[in-house]
Structures are given as structure tokens and as C-alpha cells.
Amino acid sequence: MSRTNSKSDTKLNYSQLKSKSIFSKFLSIIVISMLLTSCAYYNYLYHAKKHFEKGEKELREQPEGNEAKPKRGAGSAYKSAIESAGRMLEFYPDSRWEEEALLLLAKSYYRTNQYRKAISKVDELFGKYPNSELLNEAVLWKGMSSLRVAQPDSARAILSDASN
């Protein structure tokens, strides 16, 4: 009788192990999927930051007085930053790096003389993340963009509110 019990115990244990094995595999697939997805949208932001930094470096290296119009290489670096950050927001809306991507877009739009789009991205950042740590920097870019679209009164109000 004890032999029968041990066989049924073995069958039960094997069945339990098989069930646990399937569950473990399933759980592993979910975890790996989550990690890959997380890496994918961060990868877009990483590349966007690298492109923006390249544009900033090229902009600093150009002769004085040409800051309003980035030279050819810098302009394409900013456009690449816009593409990468835009893809991240398109494919992974509401990701944990969304606010950073929105600010990066605003800065890149400013650098490519697309001031209204820069203002729009800052407004989107304000709307979605009213308590963001990035708001002070975002206000600066919005104020500078407002100056460029000939809205000096609006720019003054934005920038004076930021200093208070």
C-alpha cells in the first residue's frame, strides 16, 4: 500500500512540477517582454538625446552671430532628435520618460526654428505633468520661443512668472 501511495505521490509531484515549469516559462516570457519593451522606448530617448547633444556641440562650434540658424550638420542632428523622440512618444505613449521626451522635442523644435511647435510641446508637458521637475527649464524654452514668434509680451509674462 505504501508503494501505491508513493507512485501517486510521484505522479502528483511530477504533475505539480510540470505545472510549475509551465508557469515559470510563462512568467519568464512576460518578464523578458517587459524588459525588452522598456529597453526599446528608452533606446529611442537615448538616441534622441545623443542627436540633440551632437547638434548642441556643432552649434557651439559655429562662428559667433549664427546661433539663430544652426549649420547644416547641427540642423540634421536636431531633426534626428525630433524623429527619435517623436517615435518614442508615438509607439510608447505615457511611458515613464514621456516628460523628458516632450522637453527634448521642445528644445529640438526651437533649435530648428520651429518655435510654435516648441511652444506646443512645452504646453503639452505643462498639461500632462504640472508638477514636473522639468517645468523651470521648459518655461525658459517656451519664453525664448515666444520671443522668436514676435510675442514679446507673452514671453515677458512667461519668463517673469518663472522667476517668481
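View 1. The model is predicted, and local features need pLDDT of at least 70, side-chain atom pairs count only at pLDDT 80 or more, and totals for chains, interfaces and linings use all residues. Residues are numbered from 1 along each chain as its sequence is written, and side-chain values use heavy atoms, leaving out hydrogens and water. Because 12 of the 14 residues of α3 are buried, this helix is largely enclosed by the rest of the structure. Helices are DSSP runs (H or I, at least four residues), numbered from the N terminus.

**View 2. Packing of α3 against α4.** The axes (lines fitted to C-alpha atoms over the stretch in contact, with angles from 0 to 180 degrees between N-to-C directions) lie 7 Å apart at an angle of about 160°. The two helices are therefore roughly antiparallel (angles over 145 degrees). By class, their contact (heavy atoms within 4.5 Å) has 10 nonpolar, no polar and 6 charged residues; Ala, Val, Leu, Ile, Met, Phe, Trp, Tyr, Cys and Pro count as nonpolar, Asp, Glu, Lys and Arg as charged, and the others, Gly among them, as polar.

**View 3. Packing of α4 against α5.** Helix α4 (residues 115–128) and helix α5 (residues 135–148) have axes that come within 9 Å and cross at roughly 150°. This makes α4 roughly antiparallel to α5. Residues of α4 in the contact include Ile-119, Val-122 and Phe-126, and those of α5 include Leu-135, Val-139 and Lys-142.

Key. Parallel < 35°, antiparallel > 145°, perpendicular 65-115°, else oblique. Buried < 20%, exposed > 50% of the residue type's maximum accessible area, 1.4 Å probe, protein only.
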